[in-house]
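Trainee: I have not looked at this structure before. Please take me through a few of its features and how to read them.

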Amino acid sequence: MMTKRPGLVRPQRRPAAVSAPLDIASATSHNAGVQRATSTNDRLPAPRLSLYGLAAAGGVVGYAPLLTLLLPMRLERFSEAARYDVLAACGITGAVAAGLANIAFGWLGDWLVARGRGRRGLLLAGVIATMVSFAIFHAARGALEIVAAIIIFQIAVNIVVAQVGAIISDEVPSDQKGTAAALLTLGNPLAAGATALIVAAATTEEWCLAIVAMVMAGCILPLLVVAPPDIVRVETATRGRTAMRRRLAITWTARLLMQVASSGVGLYLFFYLKDLHGGRSGMAVSVARLLFVGTLVPVPIAIVLGRWSDEVGQRKPFLAGTALLATLGLVSMALVQSWTMGAIAYVAFATGVAVFIALNTGHAMLLLPAGGKRGRDLGILNLANTIPQIVAPILAWGVRPAHGFAAALAIMAAITLLSGVLPLLVGDGDGECERPRS
């Protein structure tokens, strides 16, 4: 039985042998009173909070080196025409598989939680499945085999990605979700570091895949061995399902627009930087360093702004501000003529995008409706990450470099600016407030 106090619902304790997170949102009343946990004693300690960010980084490490380095290296053995056809097929089919798998395995995690089994077992299965998909990729030789291997890989790695996101949504208190989401920015620099490690230390594809598997497992296993916190949820009054869907739709659209701009700029970036570099030697090293800086700089900024947004209980000003930073970075990229200024402008753009996406993730978690479908809902929201991989090439083709980089960058700047305006139309979230049981 559950005992009730005004605005507070405490779940019955599970037997000690069950380590699943407690999700009682579906059993609570939508008319419960508003109460916010503000005491620092109610929050997860920093070392515990960092495990969620590390696990999320493990998911990024699981897919980024293979898609950005190992797949292109494999395709070098094909003719130039066939190489790009296979790469495009891998990109489109892989994006579709990733989006569908994220929703499906998010829903499966919800189903397991509702039956008291938790998401960690499925997360471990995802890690194992990803390692198996590495072996399948290594064995693939023909074009169709490689495309099929990438589809299998995308399904496997999205088991991991879906569970990590849902675990963060389940277990992190509402007034720490901004900080937890900010920790997601750790993934890109760690993935870049893993890729650099592969280049420096691995001599064969087998060793490359083994290094990726070990780094990924090392990031995720600490979260697997720690039992989830016992959560008390304080549920606030809602304005109805229609209003909730509208807020989530706006938040999703803002994320989609930012990701379209990011993917579009990524398609042009090499050629843009090549023009600024002026054909001098050492361009590859310079670009590699710039890309690494572009993934590293956002991390401390995201953590500071994420924690600040938690403290003040406001998300919209931070989302608008980071979108404005991305817009100014793109405008500067369109105007500058030197490598140094172009590099600074790109880092500003990359920082704005990365911090916006992190804060948008935390904001979306706060806007999720009450109930046991968080994994499924986050999977649907994740489509804002996969759809741009299809939309951006079409948009880039419509504004080809022959029309000038300035025109393309101006269109992307308009998109990022709009993505910053949209959050101003959404509240800061009136879903559940959660805190660890003291």
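Trainee: Is Phe-318 buried or exposed?

Mentor: Some ground rules come first. The model is predicted, so to speak of local features one needs pLDDT of at least 70, and side-chain atom pairs count only at pLDDT 80 or more, while totals for chains, interfaces and linings use all residues. Residues are numbered from 1 along each chain as its sequence is written, and side-chain values use heavy atoms, with hydrogens and water left out. As for the term, buried means under 20% relative accessible area, exposed means over 50%, and partly exposed is in between, with a 1.4 Å probe and protein chains only. Phe-318 has 11% relative accessibility, so Phe-318 counts as buried.

Trainee: How many aromatic pairs does a search of the whole structure find?

Mentor: Rings of Phe, Tyr and Trp (its six-membered ring) pair if their centres lie within 6.5 Å; planes under 30 degrees apart count as stacked, over 60 as edge-to-face and the rest as tilted. The search finds three such pairs. One of them joins Trp-308 and Phe-318: the ring centres are 5.2 Å apart and the planes are at 70°, so this pair is edge-to-face. Trp-308 belongs to helix H10 (residues 298-312) and Phe-318 to helix H11 (residues 316-335), so the pair ties together parts that are ten residues apart in sequence. Helices here are DSSP runs (H or I, at least four residues), numbered from the N terminus. Tyr-346 and Phe-349 also form an aromatic pair, a tilted one, with 6.4 Å from centre to centre and 50° between the planes.

Trainee: Where do Tyr-346 and Phe-349 lie?

Mentor: An α-helix has 3.6 residues a turn, so residues three or four places apart point the same way. Tyr-346 and Phe-349 both lie in helix H12, three residues apart, which is about one turn of the helix. Tyr-346 is buried at a relative accessible area of 11%, and Phe-349 is buried at 3%.

Trainee: How many residues does H12 have, and how far does H12 reach?

Mentor: The expected span of a helix is 1.5 Å times one less than its number of residues. H12 has 29 residues and reaches 41 Å from its first C-alpha to its last, close to the expected 42 Å. H12 is mostly covered, with 25 of its 29 residues buried.

Trainee: Which residues of H13 are buried?

Mentor: Helix H13 (residues 374-381) is mostly covered, since six of its eight residues are buried. They are Arg-374, Gly-375, Asp-377, Leu-378, Gly-379 and Leu-381. Leu-378 has a relative accessible area of 14%. The C-alpha atoms of Leu-378 and Gly-165 are separated by 7.3 Å, although the two are 213 residues apart along the chain.

Trainee: What sits over the ring of Phe-137?

Mentor: A charge sits over a ring if NZ of Lys or CZ of Arg is within 6 Å of the ring centre and within 35 degrees of the ring normal. Over Phe-137 sits the charged end of Arg-74, 4.6 Å from the ring centre.

Terms used:
Helix = DSSP H or I, 4+ residues; strand = E, 2+ residues; numbered from the N terminus.
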